[in-house]
Protein chains: 2
Amino acid sequence: MIQKISHIGIAVKNIDEVLPYYEKSLGMKCTAREEVASQKVKVAFFPVGDTRIELLEPTSPESPIAKFLEQKGEGIHHIAFDTDNIEDQLKNAKESGVRLINETPIPGAHGMQVAFLHPKSTFGVLTELCAEPKHH
Amino acid sequence: MIQKISHIGIAVKNIDEVLPYYEKSLGMKCTAREEVASQKVKVAFFPVGDTRIELLEPTSPESPIAKFLEQKGEGIHHIAFDTDNIEDQLKNAKESGVRLINETPIPGAHGMQVAFLHPKSTFGVLTELCAEPKHH
């Protein structure tokens with residue numbers, strides 16, 4: 001079951017140039033920055049309510065974010081939902097006709113398990129499902 | 001001060017066609033539907049955590065959503081933040097160089113006061129500020 005929005009991912013060319021907008025113009029706080037090597041991005045986190053804004057800056061032209069910026073320019077890249085059972089959620093989505101980018105969850109940031117749904121089957125919204133890893 | 005994300009607005013061609021994705025494939029609940037004549041849109045609401053997804057369908061070719069669909073296709077249209085002081089928030093944004101679409105708040109859905117920031121000055125993200133109306 002979907003519990004809340006984990007984060008909203010926003011593609012930007014250069015985090016340093018965008019920080020003053022979120023911090024000064026909107027008054028939000030950047031609580032952490034990190035590099036996610038597997039996705040070839042730098043990320044800056046802005047908690048807001050029970051979710052957060054994540055600014056995503058490509059670290060390589062092969063980054064999915066670099067390709068997005070080339071095609072669409074800066075803007076909202078994806079929505080991620082927290083779910084309490086990512087396997088069931090993916091199974092249910094697939095059975096109802098959704099095209100999965102990841103058939104099984106892959107490791108994401110913060111040790112989360114994540115999987116993406118293809119925007120061609122989600123009415124234009126790149127959608128990520130996130131779950132805490134299972135402890136056996 | 002920004003308190004939380006009020007909603008995420010998603011532009012769609014036809015709410016009836018998109019409902020099964022959110023309800024069946026994702027398992028979310030549509031709690032209300034309404035028509036906002038001033039914006040020439042129909043809206044469907046899906047609460048999630050402390051925020052909500054709003055599907056926006058144009059009711060006329062002159063709707064801002066119709067224009068968005070023409071230019072970009074279906075997808076995320078805007079993010080709206082709840083603030084406890086929309087006048088201060090707008091003043092601060094303007095003074096720090098943000099271009100305002102609404103210099104002063106206008107009436108939005110549910111009796112809220114709302115104002116939009118121009119995506120050219122917010123790194124591609126159409127941003128709405130929302131506040132409860134003041135009671136004197």
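# Strands, a helix and aromatic rings

In strand β7 of chain A, V114(A) is the bridge partner of I106(A). The strands involved, β6(A) and β7(A) (residues 113–117), pair in the antiparallel sense over 2 bridges. Two strands are said to pair if DSSP finds at least two bridges between them. Strands themselves are DSSP runs of E with at least two residues, helices are runs of H or I with at least four, and both are numbered from the N terminus. In general, strands of a sheet pair through backbone hydrogen bonds, either parallel or antiparallel.

The model is predicted: local features need pLDDT of at least 70 and side-chain atom pairs count only at pLDDT 80 or more, while totals for chains, interfaces and linings use all residues. Residues are numbered from 1 along each chain as its sequence is written, chains are lettered from A and ligands numbered from 1 in the order in which they are written, and side-chain values use heavy atoms, with hydrogens and water left out.

Chain A contains 3 helices and 8 strands. Read from the N terminus, its elements follow the order β-α-β-β-β-α-β-α-β-β-β. The 8 strands make up an open sheet with mixed pairing, arranged as β2-β3-β4-β1-β5-β8-β7-β6. At its edges stand β2 (32–36) and β6 (106–107) of chain A, each of which pairs on one side only. Helix α1 (residues 15–25) of chain A packs on this sheet and touches β1 (2–11), β2, β3 (41–48) and β4 (51–58) of chain A. A contact requires heavy atoms within 4.5 Å. The direction of the helix makes about 5° with that of β3(A). Such axes are lines fitted to C-alpha atoms, for helices over the stretch in contact, and the angles run from 0 to 180 degrees between N-to-C directions.

The overall form of chain A can be described next. Its C-alpha atoms fill a box of roughly 45 × 30 × 25 Å along the principal axes. A compact globule of 136 residues would have a radius of gyration near 14 Å, and the 15 Å of chain A agrees with this. That radius is taken over C-alpha atoms, and the globule rule is 2.2 Å times the number of residues to the power 0.38. Of the contacts in chain A with a separation of 6 or more, 49% are between residues 24 or more positions apart. Among the 136 residues, 50% count as buried; buried means under 20% relative accessible area, exposed means over 50%, and partly exposed lies in between (1.4 Å probe, protein chains only). Chain A exposes about 6700 Å², and carbon and sulfur atoms supply 51% of this area. Accessible areas come from the Shrake-Rupley method with a 1.4 Å probe, and for residues only the protein chains shown count as cover.

The aromatic rings come next. Rings of Phe, Tyr and Trp (its six-membered ring) pair if their centres lie within 6.5 Å; planes under 30 degrees apart count as stacked, over 60 as edge-to-face and the rest as tilted. Over all chains, the structure holds 6 aromatic pairs. One of them joins Y21(A) and Y22(A) edge-to-face, at 4.7 Å centre to centre with 70° between the planes. Y21(A) and Y22(A) are both buried. The pair of Y22(A) and F46(A) is tilted, because the ring centres lie 5.4 Å apart and the planes stand at 40°. This pair links distant parts of the chain, since Y22(A) belongs to helix α1 and F46(A) to strand β3 of chain A, 24 residues apart. Y22(A) has a relative accessible area of 2% and is therefore buried, and F46(A) counts as buried at 0%.

Y21(A), Y22(A) and F46(A) form one aromatic cluster with F123(B). F123(B) lies in the loop between β7 (113–117) and β8 (127–131) of chain B. With 23% relative accessibility, F123(B) counts as partly exposed. Its phi is near 55°, a positive value in a residue other than glycine.

Strand β4(B) (residues 51–58) is mostly covered, with 7 of its 8 residues buried. Strand β1(B) (residues 2–11) runs parallel to β4(B) and is joined to it by 4 bridges; here G9(B) has E54(B) as its bridge partner. Strand β3(B) (residues 41–48) runs antiparallel to β4(B), and 8 bridges join them; P47(B) stands opposite R52(B). β3(B) and β4(B) form a hairpin with 2 residues between them, and G49(B) in the turn has a positive phi of about 60°.
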